[in-house]
Amino acid sequence: MNELVWIFISSLLINNFVLAYFLGLCPFLGVSGRLETSLRLGLATVFVMLITAFCAWLLNTYVLIYAPYLRLISFIVVIASTVQFIEMVIKRLSPTLFRALGIFLPLITTNCAILGLAIFSTNKGYGLIEGMIYALGAGLGFTLALVLMAGLREESELAPVPRLIRGTAMNLIIAGILSMAFMGFAGLFSAA
Amino acid sequence: MPKVQPDAYQEFIKGLWRDNPVFVQVLGMCPMLAVTNSAVNALAMGGATFFVLVASSFLVSSLKQWIPKQVRISTYIIIIATFVTVTDFALAALVPAIHKELGAFIPLIVANCMILGRQEAFAAKNSVRLAVVDALGMASGFLFALFALGSVREILGEGKFFGIDLFGPNFEPWVIMVLPPGGFLTLGLLLLFFNWVGERKKRLAERLADVDAGADAGMTPQ
């Protein structure tokens, strides 16, 4: 039990996917303009991550032990079809939610955080429960980073920043400072 | 509209500098920041991406008649994933030490949006020769950017370059530069530098145009 909590905290804060592993930077920089949209995208990502973790576990246990060299190809195909499938299901069951998510749903396919999650949890040899907890922590960590960034960016729009710095350069520097702040969580290791 | 045959040399230079995938288009950043904590790692990552991009561009542009429009993205991804698997296994066999250090980031080349972007935007529409040249240019630009970032971070963060001590024993390394925040900060500052160069160039061109226009206006009445 204790170990599961540890996996969750570690993937949520200490090894945050965005700020420590640099995964999922494209949506992190591209979609973090508005607080509300980034929250929605984050939650959709959590959802896809959970399903991917489950499928990756299935593949690893039943298929890939016979053909390890197919790992990468099968993961990417699974992710792409999962996203497609979820899109169809949501469209059918809840058109409101579908409209709210909009373009962000298909964009999740190209989010390297999802593929990274599948690969990392395979490399670490996680079982089903650990893998799901890891996915939950990583997804929520991604959401947390995205929401924090969106908040900072909304505030910085009002600040008198020179025009040259505005845009990606400034966002990267903000991300650097945010990442520095998250490094403080590494202290949790020695405390435990 | 007459089809203009783009110059191969122009295509190459475009990727290397004017449309540099990292500094100008800000693409493919996930693998870029994670592994650039030393110049050697950056070169290995750049080399792997180089091979994958050139090989996939070649294959995509030679197969473009047979790839159905509806499933083209999935086809590109599977082609890219195949080459990434090849690279992954080749690196593990040839340079196990570097492969271990890069770890999970080699498979993640698949999710590099720069590679998929080139297939969709260029290789699928152009001849094999041009597609390969374009891929060579973009890949060199990417390699150059990775190398620049890796060098800066290694020199400042460890006081070394390719493992050779630069500053002697009194240098206090900026540890932060080889840690994740250093990646964000260095890339941010490099982008700022590129913005500044671009801005200066634009202003210079405007001023030159003004001078020309002024000279023309002054000349025409005579």
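Me: What should I keep in mind about numbering and confidence before I start?

Reply: Residues are numbered from 1 along each chain as its sequence is written, while chains are lettered from A and ligands numbered from 1 in the order in which they are written. This is a predicted model, in which local features need pLDDT of at least 70 and side-chain atom pairs count only at pLDDT 80 or more, whereas totals for chains, interfaces and linings use all residues.

Me: How many helices and strands does chain B have, and in what order do the elements of chain B run?

Reply: Helices (H or I, at least four residues) and strands (E, at least two) are DSSP runs, numbered from the N terminus. Chain B has 9 helices and 2 strands, and from the N terminus its order is α-α-α-α-α-α-α-β-β-α-α. The C-alpha atoms of chain B fill a box of roughly 75 × 60 × 25 Å along the principal axes.

Me: What share of the residues of chain B count as buried?

Reply: A residue is buried if 20 or more other C-beta atoms lie within 10 Å of its own, exposed if 12 or fewer, and partly exposed in between, with C-beta atoms placed from the backbone. Of the 222 residues of chain B, 41% are buried by that count.

Me: At what angle do helices α3 and α6 of chain B cross?

Reply: Axes are lines fitted to C-alpha atoms, for helices over the stretch in contact, and angles run from 0 to 180 degrees between N-to-C directions. The axes of α3(B), residues 39-63, and α6(B), residues 113-123, come within 10 Å and cross at roughly 35°. This crossing is right-handed, a term used if the near helix is turned clockwise from the far one by less than a right angle, left-handed being anticlockwise.

Me: Which residues of α3(B) and α6(B) meet?

Reply: Two residues are in contact if their C-beta atoms, placed from the backbone, lie within 7 Å. On the α3(B) side are Val52(B), Leu53(B), Ser56(B), Ser57(B), Val60(B) and Ser61(B), which meet Ile115(B), Arg118(B), Gln119(B) and Ala123(B) of α6(B).

Me: What about α3 and α7 of chain A?

Reply: The axes of α3(A), residues 35-62, and α7(A) come within 10 Å and cross at roughly 40°, which makes α3(A) oblique to α7(A). The crossing is right-handed. Among the residues that meet here are Met49(A) and Ala53(A) in α3(A), and Leu117(A) and Ser121(A) in α7(A).

Me: How many residues of chain A are in contact with chain B, and which element gives the largest share?

Reply: In chain A, 30 residues are in contact with 31 residues of chain B. The elements giving two or more residues to the chain A side are α2 (25-30), α4 (71-93), α7 (112-123) and α9 (168-183), and α9(A) contributes the largest share, 9 residues.

Me: With which residues is Cys30(B) in contact?

Reply: Leaving aside neighbours within four places in sequence, Cys30(B) is in contact with residues of chain A, including Phe22(A) and Cys112(A), and with Leu108(B), Ala111(B) and Asn112(B).

Key: Parallel < 35°, antiparallel > 145°, perpendicular 65-115°, else oblique.
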